[in-house]
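Trainee: Could we walk through this structure together, one question at a time? I would like to see how each answer is reached.

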Amino acid sequence: MQHPRFSAAVLMEWTRINDRWQSEKWEAIGVIEDEGTPTTPTVLMKDQFRARWLHSGYALTLYRDEAEGYYLNLAAPQPFVFVMWRLEDGMARPSILTLSYNEAARMMDADEHVDGVPMPEQWREPLAAFVALHYRPETKKERARPPSFKGARRDEP
């Protein structure tokens, strides 16, 4: 079975900060649709206080078992692309992109760096179609009472 995919490039920003504990900050600040192949990061701007790099060639694949996480993302006021990145040789490099709230939460629970950036508008409709096809909310089950409680009344002394 073919899984739906989006191709993306990630915009990462480095900022020098004046803090006694930390001298710089990295963060993902955007994701754009990109049909490019993986290349070395492209410097878009750089000065002594700030720099931006474009990392291209990322594929984002949708999976049925993450449909609930996609649903939760779409139900939010601002849907996000979650970018997990790691510091390699002094530079932040995106590793994984996901549209699932649940997958992003698992990455954060594992102490990974994860930034949420606004989802490109053109991805929302295909994602909503995927969710409509594959997401079924869990039905609430009636709790079975143990036999020892059947017939018991709480208002009797």
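**Salt bridges, a sheet and a buried threonine**

Trainee: About how many helical turns separate Arg124 and Glu121 in helix α3?

Mentor: Arg124 and Glu121 sit three residues apart in helix α3. Helices here are DSSP runs of H or I with at least four residues, strands are runs of E with at least two, and both are numbered from the N terminus. Because of that three-residue spacing, the separation is about one helical turn.

Trainee: What kind of model are we looking at?

Mentor: Residues are numbered from 1 along each chain as its sequence is written, and side-chain values use heavy atoms, with hydrogens and water left out. Local features need pLDDT of at least 70, side-chain atom pairs count only at pLDDT 80 or more, and totals for chains, interfaces and linings use all residues: the model is predicted.

Trainee: Which of the classes buried, partly exposed or exposed does Glu121 fall into?

Mentor: Glu121 and Arg124 meet through their side chains in a salt bridge, 3.4 Å from N to O. A salt bridge needs a side-chain nitrogen of Lys or Arg within 4 Å of a carboxyl oxygen of Asp or Glu. For the classes, buried means under 20% relative accessible area, exposed over 50%, and partly exposed in between, with a 1.4 Å probe and protein chains only. Arg124, at 22%, is partly exposed, while Glu121 has 56% relative accessibility and therefore counts as exposed.

Trainee: In what order do the strands of the open sheet lie, and which are its edge strands?

Mentor: Two strands pair if DSSP finds at least two bridges between them. The sheet has four strands with antiparallel pairing, in the order β2-β1-β4-β3. Pairing on one side only marks the edge strands, β2 (24-33) and β3 (42-46).

Trainee: Which residue in β4 is the bridge partner of Val10?

Mentor: Strands β1 (residues 5-16) and β4 (residues 50-61) run antiparallel and are joined by 10 bridges. Across to β4, Val10 has as its bridge partner His55.

Trainee: Is Thr98 buried or exposed, and which side chain makes a polar contact with its side chain?

Mentor: Thr98, in strand β6 (residues 91-98), has a relative accessible area of 2%, so Thr98 is buried. A polar contact is a pair of N or O atoms within 3.5 Å; within protein, one must be able to donate a hydrogen and the other to accept it, and residues adjacent in sequence count only if both atoms are side-chain atoms. At 2.5 Å, the side chain in polar contact with that of Thr98 belongs to Glu103.
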